[in-house]
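The exercises below are meant to be worked through with the sequence and the model side by side. Try each task before reading its solution.

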Amino acid sequence: MGIGASIFLLALGAILAFAVNADISGLDISVIGWILMAAGLVGLVTTLWFWNSRRRTVVTRTTGGAPVAGSTYSSEYREVRQDDVPPPPPPAYR
């Protein structure tokens, strides 16, 4: 579910829960509104969580270089950044 659908469910649920005063036998419109708002909220949180985890960057840091007798101490610093991106699409068929 995307952000748009989640916001739509939240808005529809709020309208049904707070603004509609209809009586339908066997159905409580305000409960349906609260259920739709809960579903919209869960969908929104889930969508934002997936978007946040998808754009994570992996950083690897390595330090090394031990002192050797008769030489000066050398230090090495290396940083590798790698973005988690999906693989490219397969080649087009002709």
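A residue is called buried when its relative accessible area is under 20%, exposed when it is over 50%, and partly exposed in between, with a 1.4 Å probe and protein chains only. The model is a predicted one, in which local features need pLDDT of at least 70 and side-chain atom pairs count only at pLDDT 80 or more, while totals for chains, interfaces and linings use all residues. Residues are numbered from 1 along each chain as its sequence is written, and side-chain values use heavy atoms, leaving out hydrogens and water.

**Exercise 1.** Decide whether Gly-4 is buried or exposed, and find how far its C-alpha atom lies from that of Gly-40.

*Solution.* Begin by placing Gly-4 in helix 1, where helices are DSSP runs (H or I, at least four residues) and strands are runs of E of at least two, numbered from the N terminus. Next, compare its relative accessible area of 53% with the cut-offs, which makes Gly-4 exposed. Finally, the C-alpha atoms of Gly-4 and Gly-40 are separated by 9.7 Å, although the two residues are 36 apart along the chain.

**Exercise 2.** Work out which residues of helix 1 are buried and how they are arranged around its axis.

*Solution.* The buried residues of helix 1 are Ser-6, Leu-9, Gly-13 and Ala-17. Because these buried residues fall within an arc of 60° when seen down the axis, they line one face of helix 1; the arc is that of the directions from the helix axis to the C-beta atoms. On the face turned away from the buried side are the exposed residues Gly-4, Phe-8 and Phe-18.

**Exercise 3.** Classify the aromatic pair formed by Phe-18 and Trp-34.

*Solution.* Rings of Phe, Tyr and Trp (its six-membered ring) pair if their centres lie within 6.5 Å, and planes under 30 degrees apart count as stacked, over 60 as edge-to-face and the rest as tilted. A search of the whole structure finds two aromatic pairs. In the pair of Phe-18 and Trp-34, the centres are 5.5 Å apart with 85° between the planes, an edge-to-face arrangement. This pair links distant parts of the chain, since Phe-18 belongs to helix 1 and Trp-34 to helix 2, 16 residues apart. Phe-18 itself is exposed, with a relative accessible area of 56%.
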